Amino acid sequence: MPWSLTVGYVYGTAVRIHVTFLLFLIWIWAAYYQRGGAGAAWEGVAFVALLFLCVLLHEFGHIFAARRYGVKTPEVTLWPFGGIARLERIPEKPSEELIVALAGPAVNVVIAGVLLLFLGGNIGMEHIESIENPQVSLLAKLAAANIFLVVFNMIPAFPMDGGRVLRALLAMKLGHAQATQTAASIGQALAIGLGLLGIFGNPMLIIIAVFVFLAASGEAGQVQMKQAAQGLLVQDAMITQFEVLGPQASVGDAAEALIRTTQKEFPIVDGAGHLRGVLTRDAMIHALQAKGPASSVIEAMQGEVPTVGARTPLDRALKIITESGAPLVGVVDAAGKLIGLLSPENVGEMMMLRAAQPEARFGPWAGKPSA
């Protein structure tokens, strides 16, 4: 993930901190310093660091539960608003997803329980409300924060764990696709309610509402894409007209191609037509800033991009994109020569065209339907 720093690995999962989280710590230090001086500032940073340690443990609750069902997690990233663990896939059985979703909040329940026992159970919401008060015990605030994390995460809306719990319970009766649509609709309704409360009260609720609404829409869109891909082949959605770059090309050459075309990703292809890697727009801009236009595309590209055949089932190719974390997959012929590109964006465009012309059949295309 761009702008993330890898701080270590835990059983094969990369632990990363986004740079905005470091900026958040600086802001916390300054805010506490104004209220109580340097001592309060460092105590505030310590509290936030411990709180996000609890968030990280929460995410590893999900990770270890998912691993029990054969689902790997390449990375977990800490942001100012929480942690995001990137699971390769959602567990197939609703009961498995239910356990994975509940494993994270269960970790916070255990942490809060241990702290409550240590503190004698004298914890209330006033500890959260006074979170910036240096006079309030750090452990008391940490216990209250873990209780808040449990309650907040169990809100039945994506991307919170409660939304996934709701989907898992609904999927036991309705099936995964319908359960996702229903859970997403419920989450969007809750988001609208939060937004209305935010208008008349706390503006922060408006930000949370927008985040929840977009997350619910995204979750529903992913399931729709998966449904649309069933029964189709890669050749039904792949791009066949695209511009490639050679291994000797410079980032400056790529920048010119970016301006000249509508492409966002450029495959790097050798003389035999074999895919060497993909240069994304973001990687191109970063390379221009760091090393200048004369730098090689080989240095800036993302290597080890997966490839599939044109007659590979489309849903399997999408799964490969998700599991690999690559921006796209290359489509190759029997000799390994690149003949097409496939990204989730292509599939989304195909879905819109099929919805607009349900009677039409789509074959290999370059952003246009073919009869």
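Analyst: Gladly. Residues 24 or more positions apart account for 58% of the contacts in the protein chain with a separation of 6 or more. Please keep in mind that this is a predicted model.

User: How many helices and strands are there, and what share of the residues counts as buried?

Analyst: The protein chain has 12 helices and 10 strands. Of its 371 residues, 44% count as buried.

User: What do the confidence scores say about the protein chain?

Analyst: The average pLDDT is 81, and 87% of the residues score at least 70. Over residues 360-371, though, the pLDDT is below 50. Beyond near neighbours in sequence, that stretch has 28 contacts in the model.

User: What makes Tyr11 count as exposed?

Analyst: The cut-off for exposed is over 50% relative accessible area. Tyr11 has 67% relative accessibility, so Tyr11 counts as exposed. Its place is in the loop between β1 and β2.

User: What makes Glu304 count as exposed?

Analyst: Exposed means over 50%, and Glu304 has 79% relative accessibility, so it counts as exposed. Glu304 lies in the loop between β7 and β8 (307-309). Its phi is positive, about 55°, although Glu304 is not a glycine.

User: How do you know that the span of α2 is close to the expected one?

Analyst: The expected span is 1.5 Å times one less than the number of residues. For α2 (residues 94-119), with 26 residues, 38 Å is expected, and the helix reaches 38 Å from its first C-alpha to its last. Even so, α2 bends by about 30° at Ala103. A proline, Pro105, follows within four residues of that bend. Just after the helix, Gly120 takes a positive phi of about 80°.

User: Which residues of α2 are buried?

Analyst: Among them are Leu98, Val100, Ala101, Ile111, Ala112 and Leu115.

User: How does the span of α6 compare with the expected one?

Analyst: Helix α6 (residues 176-200) has 25 residues and reaches 36 Å, close to the 36 Å expected. Its buried residues include Ala177, Thr180, Ala184, Gly187, Ala191 and Gly198.

User: Why are β5 and β7 called edge strands?

Analyst: The open sheet they belong to has 3 strands in the order β5-β6-β7, with antiparallel pairing. β5 (265-269) and β7 (302-303) are the edge strands, as each pairs on one side only.

User: How do you know that β5 pairs with β6?

Analyst: At least two bridges are needed, and 5 bridges join β5 to β6 (residues 275-280), so the two strands pair. Glu265 stands opposite Thr280, and the bridge partner of Ile268 is Gly277. The hairpin of β5 and β6 has 5 residues between the strands, and Gly273 in it takes a positive phi near 85°.

User: What makes β5 mostly covered, and what lies across it?

Analyst: Buried means under 20% relative accessible area, and 4 of the 5 residues of β5 are buried. Helix α9 (residues 281-290) lies across β5 and β6, running at about 75° to β6.

User: Why are β8 and β10 placed at the edges of their sheet?

Analyst: That open sheet has 3 strands in the order β8-β9-β10, with mixed pairing. β8 and β10 (338-342) each have a single partner strand, so one side of each is left without a neighbour in the sheet. Neighbouring strands there are turned by 35° against each other on average, direction ignored. Between β9 (residues 329-332) and β10 there are 4 bridges, and the two run antiparallel. Gly330 stands opposite Leu341 in β10.

Definitions and conventions:
Residues are numbered from 1 along each chain as its sequence is written. This is a predicted model: local features need pLDDT of at least 70, side-chain atom pairs count only at pLDDT 80 or more; totals for chains, interfaces and linings use all residues. Side-chain values use heavy atoms; hydrogens and water are left out. pLDDT is the predictor's confidence in each residue, from 0 to 100. Contact means heavy atoms within 4.5 Å. The bend at a residue is the angle between axes fitted to the seven residues ending there and the seven starting there. Buried means under 20% relative accessible area, exposed over 50%, partly exposed in between (1.4 Å probe, protein chains only). Axes are lines fitted to C-alpha atoms, for helices over the stretch in contact, and angles run from 0 to 180 degrees between N-to-C directions.
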